[in-house]
Structure formats: C-alpha cells, structure tokens
Amino acid sequence: MSLLTEFPKMGRTDLRDFKKGIDESFRNFTREYGEAIENFFDPLLYFLVWLEKLFLNTPWPIILFVIATLVYLGSSSIKLTLGAILAFLTIGYLDMWDDTMATLAIISVATIVCISIGIPLGILMARSQRTQMIITPILDVMQTIPSFVYLIPVVMLLGIGKVPGLLAVCIYAIPPIVRLTNLGIRLVDKDVMEASEAFGANYRQKLIGVQIPLALPNIFAGVNQTIMMALSMVVIASMIGVKGLGVPVLRAISNQYLALGIMNGLAIVVLAILFDRVSQQFGRRLQAHTESSK
Amino acid sequence: MSEIKVSIKNLYKIFGKHPESMVEKVKAGMSKTDLLEKHGHVLGLYDVNIDIKKKHIQVIMGLSGSGKSTLIRHINRLIEPTAGSIIVDNEDILSMSQTELRDFRRSKASMVFQKFGLLPHRKVIENVSYGLLIQGINKPEALDRSNQWIESVGLSGFENHYPAQLSGGMQQRVGLARALATDADILLMDEAFSALDPLIRSDMQDVLLSLQDKLHKTIIFITHDLDEALKLGDDIAILRDGAVIQSGTAEKIILHPIDDYVTDFIKDINKARVLKARSVMGNDDFITGPEIDETVIIEDALQIVSKSGSNGAIIVKNGQKQGTVSLTDMIMAIARAEKNTDSEAVYR
C-alpha cells in the first residue's frame, strides 16, 4: 500500500553516491582537460581583450564617429543616426562610457562567435531531417535551462573570467540564429529550388546561389535576435567576471542603488534598441529588390 | 520517319513506402483504387510508353492528377521512376551517376516551369545566364550569350529588372530564355503557359513556334489545354490516371478518338481549324474541283470548294495529285468524331 502513497524513489545513499559520482567525474575531467580547454579558448580571449582595449583607448569622438557611420551605413536613416549620437553622448555624460565600451566589445565578440558557429549549424540542420531532429532538442535545452545551471560547469571548467562569461552569453544567444537559418533555408520557394536542380546545380551552387540569398531576411532576423539575447545576458555574465554595464547593475542590486541600476539598465536598453533598429533596417534593405517597384 | 530522341519504355511510378513491391501487383492488373485502399500506395504512372521524335514538339496532355507533371520530371530525373527505362540518345538516363545526371541536366535537357521558378534576387540577365554559370562558363561570356536570348524572346531593355517587376508573361519569357540559353537539345516545358492569361498565352505559343522554326529542338510540352496541344503539338499523347490512353498526331486523335474519354475531351474544339483536308482524302474520279495543297485545313478548303461550286477538291503536293476530297466528307469530318478502337489508324 505504501507504494501508492509514497513515490518509489532511489535510496538516500544511492542518490548521494549517484550525484557524487557525477560531480567527481566532472571534477576529474576538469583537472585532466581544464587547461587544454582554457588554451583552446585563448585566441578568443586575446581577441576580446584586444577589442575591449581598442574601444577604450580610442578617443571617444572617433568611436562616436565610427558608430554613427556604421548606423548610417546599416540603416541609411538620418534620424536613427542622430538618435544614436545623442544616446551615446548621454551615456558618456552620465559616466557610463567605459562600461558601455566593455559591453559593446563582449557583445560584438559574442555575436561574431554565434554567427560563425550558428549559420553553418543552421545550414547543416536544413540539410537533413535527422540533423534537425538531433539539434532541435539541444537548442530547446540551451534556451530554456536556467543560465545559472550551465554557469556551474562552465565556471568549474574555466574559472571566473571573460571567456566563461562569453561562453555563457553564447550558449544563451546562439539558438535563434541556428533556428532561423534552418527555417530560412527550408522556407525557400520549392519551385525555385526545383528550377535550380533542373539546371544541374550541385549542392554548393544551390546553397550559395539560391538558398542563402533567399534565406537572408530570416538569417538576419536570427542575427538580430541573437544580439538581443546576448545583451540580455550582460548582467548574468558580469556575475562571473565580465566587465561592462552588468557590473554596476549587480552592484546596484546588492546595495539598493536605485539610480545606478536604472541608468545602467537603460544604457543596455539603448544599445539593444540601436542594434535592433539598425539590423532590421539593414535586413529590410537586403530584400528590397525582390519587391515589385513598378 | 524521323529519328527517336527520347524513348520512354514501360515506365511505372508508384508513390508510397514500398513502391518496388507494388510494381508486380500493378502489372498483374491491380487497379489504382485497390492499390490505394488496400496497400496505401498511389499509382502515379502506369506502363507509359512514348517515343519522342527528334526536333518534334511532343505534347503530353491530361487533366490535373493525370500524372503529366510527374511524367515530365522523369525525363530529367527530378523524380525517380519505380520501374522502366528512359533512353535519350541511346543512353539510359536511369543508369547515370549523380555527376553524369548533373551534366545531362546542364547541357542536354533544360526546363521551363509553370510557376516560372525564377531567382527573385537576380536580375533578368542573371536569371537567363543561370544555366550557363552553373555549367562553369565565365561571367562575361555567359552574359553576352544571354543577351542574345533575351533579345530573341523580345525582352530587350528589361535586362536589369528583377523578376518581381515583370508581368507573368514577361517572367515566362525569362524562363524560356533561361532554358534556351544552355543550348540543350531537349526542352521540357511543364505547363509553361498555363499560368498566363489567354492572350498572353497565345502570344507565347507563337513565340515558341517561331523559335522552334529556327532552333529545331526536341520539345516536350505538358498542358491541360487541348487548344494549346493542337496548336503546338506535332504529336500528342493523352494521359489519364497515369496511363497513356492515346497517342498520335492531332488529326488522328480528332478523327479517331479511342474511347469516350477522349471523345469527350475533344468535343468542344473547332475541328475545321485543326484537320487538314488531306485527312479525309480518298480517290474518286468523279470528284472535280479546284486544286488545293495538302497542308490546307478543312476550314479553308471548304471555303475554296464552296466558292468554286464544285463537289470537292483535288489535293496536290508539290504540284502532284495526291487524291481527292469530297465536300460531304469534309463536312462529315468536322461534324462529329467517330469512335474507333484501332489505335494505329491509317492516318499519319
């Protein structure tokens, strides 16, 4: 009868040993390979540090000019460009320039990493039903698992610092670009694909000549989403030693500094809006030529 | 007769999980309905045999669901057959490796699609040169050759437009130019003009016919429109439920429809405009009248004969008398179609 009232569970000692076993083996793995893995990520670390220094050491007017130029090139909208300049001037005036530059650096690196891994992964996923079946649940886990949970092994493996922070950001931010690349390629008009096939295009010719160009609007939506999600990880990343706007927010939480929290939070929002608008405008311009313009 | 370019032999296509195991059942006479209900397989093509002559326009016609689009996709193996063989220039395309097949598609058989299948992100000129670029021809040459084709389909001046900026008829001209640009001898046209409105469709048919006069390609043209089939087709095959029920020249089909289905099919067409006076030719000495060429259609022949007030006409070929036709025979021919079970009728 006790079987009905009490859920059959593993013995207390067994369970403890089970957990201990996993912990122990991961710890051993860390001891064995931790250094090698750290070395593997070294180039990424150098790049991140270099970029951060570049952003911080370049005189602010130049940075501002570069940002304004990029915004204008991306969106070709004067209004957005002026808005960006104004936003960055305010950020600097409120003494958040350095933190913003640090955040910009890690977001840029995270985005580059996500794109360079995510797009090929999405292409692979679009290629066969089986890879899609394998990758989809992994992406689901990456997106839904509380970030603190995967921070544990990452920190165990790599300690506190920029690289584990970057890794945490990437784990959280990569799913949309993978998903939307896959979706974009799968949504390419079947008739166009058939025509390409009928003219004897091989896999590469189909991919580069037809699928990727036609999937570009979706891929761009993925890049946009990835940047947004990376930005939303800034505070959590700062918990494991990433510099940037997340650090003062964290300080504000623990010390109940309302103004500090709001100011830095809003700076993140401003960055997010800028990235979003510029990348959306750019994505729209990419597909402008396919619309009828008689 | 002229040489056979494409020969389709005993072609079967069955859609489903285990199509190979169903072929024997179908060959043993299982019906399409039984196959679907008892085994969950769909019969796509049933024992299709068509010999397509070199430099002819072979029309394959049928209503939707008859398997005509499936059939044409077998010729360049966009769809793999379940059984049978397809011989092009004495080579079985079903035995080709993927690489050989790609070469075949690049240089031997090009295709025009019902929904155009143009690349929306490329300009007209780039679309037309698509096949050439796939072949690996360098861009300047490809663009140069494409320009000539754009001109020949009457699209000069639109080279730098995007497909979405063109009307349906113009888009299909791009599709046609793209297919012609590869210099393939075989042109597969899958309901190429069906999506166009009637006037444009008729225009495009004329474009195709005048190009064919110069190019002499082997064209396989799929349509559900009988008028189109009669206008374009040197030979016509009628497909129903995946099987060819009658094939031959337009005249043969009109004069001797093989069954009620075909009779029904052709009952609304203007026979006087399709049939040539020659098709009801006999040799009666008592018929006298004006001489008409053997290519004259009944519609015109009737006019000539009735104007002359005679009881018929003499049919000539290169000035030589071939035979005679009587007024009554011509009227009978366009009045109604006779049923005839002999598929290899005498008219050719």
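Biologist: How many helices and how many strands does chain A have?
Modeller: This is a predicted model, in which local features need pLDDT of at least 70 and side-chain atom pairs count only at pLDDT 80 or more, whereas totals for chains, interfaces and linings use all residues. Residues are numbered from 1 along each chain as its sequence is written, chains are lettered from A and ligands numbered from 1 in the order in which they are written, and side-chain values use heavy atoms, with hydrogens and water left out. Helices (H or I, at least four residues) and strands (E, at least two) are DSSP runs, numbered from the N terminus. By that rule chain A has 13 helices and 0 strands.

Biologist: What share of the 294 residues of chain A counts as buried?
Modeller: The C-alpha trace of chain A spans about 80 × 60 × 45 Å along its principal axes. A residue is called buried under 20% relative accessible area, exposed over 50% and partly exposed in between, with a 1.4 Å probe and protein chains only. On that scale the buried share of chain A is 42%.

Biologist: Which helices are included in what covers the buried residues of H6(A)?
Modeller: Helix H6 of chain A, residues 129-144, reaches 23 Å from its first C-alpha to its last, close to the 22 Å expected at 1.5 Å a residue, where the expected span is 1.5 Å times one less than the number of residues. Its buried residues are A:Gln132, A:Ile135, A:Leu139 and A:Met142. Taking contact as heavy atoms within 4.5 Å, the cover over these residues includes, from chain A, helix H5 (97-127), helix H7 (147-158) and helix H8 (162-186).

Biologist: With which side chain does the side chain of A:Asn224 make a polar contact?
Modeller: A:Asn224 is placed in helix H10 of chain A and is buried, at a relative accessible area of 3%. Beyond its neighbours within four places in sequence, A:Asn224 is in contact with A:Asp276, A:Ser279 and A:Gln280. A polar contact is a pair of N or O atoms within 3.5 Å; within protein, one must be able to donate a hydrogen and the other to accept it, and residues adjacent in sequence count only if both atoms are side-chain atoms. At 3.0 Å, the side-chain partner of A:Asn224 is A:Ser279.

Biologist: About how much area do chain A and chain B bury between them?
Modeller: The two chains meet through 22 residues of chain A and 29 residues of chain B. Buried area is the accessible area (1.4 Å probe) that two parts lose on being put together, summed over both. Carbon and sulfur atoms carry 61% of this interface, and the total is about 2100 Å².

Biologist: Which residue meets A:Glu194 in a salt bridge?
Modeller: A salt bridge here is a side-chain nitrogen of Lys or Arg within 4 Å of a carboxyl oxygen of Asp or Glu, and the count between chain A and chain B is 2. At 2.4 Å, N to O, the partner of A:Glu194 is B:Arg73.

Biologist: Which elements give two or more residues to the side of chain A that touches chain B?
Modeller: H9(A) gives the most to this side, with 7 residues. The residues of the side divide into 8 nonpolar, 9 polar and 5 charged, with Ala, Val, Leu, Ile, Met, Phe, Trp, Tyr, Cys and Pro counted as nonpolar, Asp, Glu, Lys and Arg as charged, and the others, Gly among them, as polar. The elements asked for, both in chain A, are helix H9 (190-198) and helix H10 (203-232).

Biologist: How many residues apart are B:Lys53 and B:Asp235?
Modeller: The side chains of B:Lys53 and B:Asp235 meet in a salt bridge of 3.4 Å, N to O, and both residues are buried. B:Lys53 lies in strand S2 (residues 42-53) of chain B and B:Asp235 in strand S9 of chain B, and the pair links distant parts of the chain, with a separation in residues of 182.

Biologist: Where does B:Phe116 lie?
Modeller: Most residues other than glycine have a negative phi. B:Phe116, although not a glycine, has a positive phi of about 70°, and at 13% relative accessibility B:Phe116 counts as buried. Its place, in chain B, is the loop between strand S6 (109-112) and helix H5 (124-128).
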